[in-house]
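Subject: Structure handover and notes

Hello,

Here is the structure for your files.

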Amino acid sequence: MSFDPIVQVSVSEQVAQRLLTMIRTGLLKPGQQLPPERDLASMLGVGRPAVREAIRGLALLGLLRIRQGEGTFVGSLEMRELLEPLEMVIELNAGTLEALFDARLVIEPGVAALAATHIADADIARLHALVDDEQALLGNPETFSAADMAFHETIIDACENPFLQSIANSLYLLGKKSRRVTSQVDGVLERSLQDHRHILDALKARDPEQAAQAMRRHLCRVRDAYAASVSATVAGTVDANV
């Protein structure tokens, strides 16, 4: 029989865990300023280097914000900001984007099906307005993407399930890189607009199965467009180096 050695947790990790607990329990609130390093070290009974290292680590995660000349503040804790470090990982690793598409294909059709049973008339009206905006923005990929994002977020909100909303929003926000790529592919915006109309029709009909199918078809088409674009880029790079 063998035993793994006990790993000693560094003081800075303990400080980070204490601050995390205070943020999680609401003792430290979004936007609140932390005491100066010297005071915080005294309160926790540790050295200033441990406090400084813990703060830097939490700042890299977006949980704390360091403002030069002002001090350290708790971050907004908004999902978009907290996902920024993960987005960087996805930016650097194209393979994770394939896994992200797979995850969206598992989650978002189910979200659309659930939304079809809960969606309010006001949400339907908003989706109509967003589709109209997309029609007018076909020549502007960047602005079209903003309307595209609002379209999906409206459906996610309409599912009225906080757990699925959190998961789906996280996955969707992390896909910004793929949207930047696919929005430049010829015909993708037009196909996305057509797909959005089909999704909207299913939601208006309050048909869960149709809504799920329409969302799945849309995500598959976007994924295929991204894969084709990446393959073309790789082929072009190889040809250029031959």
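This is a predicted model: local features need pLDDT of at least 70, side-chain atom pairs count only at pLDDT 80 or more; totals for chains, interfaces and linings use all residues.

Residues are numbered from 1 along each chain as its sequence is written, and side-chain values use heavy atoms, with hydrogens and water left out.

Cores

A nonpolar core here is a set of buried Ala, Val, Leu, Ile, Met, Phe, Trp, Tyr and Cys residues joined through side-chain atoms within 4.5 Å. Buried means under 20% relative accessible area, exposed over 50%, and partly exposed in between (1.4 Å probe, protein chains only). The largest such core has 34 residues, and the members that touch the most others are Leu 127, Phe 151, Ile 155, Ile 199 and Leu 203. Two or more residues each come from α6 (94-118), α7 (121-136), α8 (141-158), α9 (162-174), α11 (188-204) and α12 (208-241). Of these, α6 gives the most, with nine residues. Helices (H or I, at least four residues) and strands (E, at least two) are DSSP runs, numbered from the N terminus.

Leaving aside residues up to four places away in sequence, Phe 151 is in contact with Leu 127, Leu 130, Val 131, Glu 134, His 196 and Ile 199 (contact means heavy atoms within 4.5 Å). A second, separate core has 15 residues, among them Ala 16, Leu 19, Leu 28 and Leu 63.

Backbone

Most residues other than glycine have a negative phi. Glu 160, not a glycine, has a positive phi of about 60°; Glu 160 is in the loop between α8 and α9 and counts as exposed because its relative accessibility is 53%. Arg 206, in the loop between α11 and α12, has a positive phi near 55°. Arg 206 counts as partly exposed, at 35% relative accessibility.

Pocket

A pocket is an open set of points on a 1 Å grid over the protein atoms alone, where a 1.4 Å probe fits, with protein on both sides within 12 Å along at least five of seven lines; lining residues have an atom within 4 Å of a point. The largest pocket is lined by 14 residues, and Glu 37, Ile 55, Ile 66, Gly 71 and Thr 72 lie nearest its centre. At least two lining residues come from each of α3 (48-60), β1 (64-67) and β2 (71-74), and α3 gives the most, with three.

Regards
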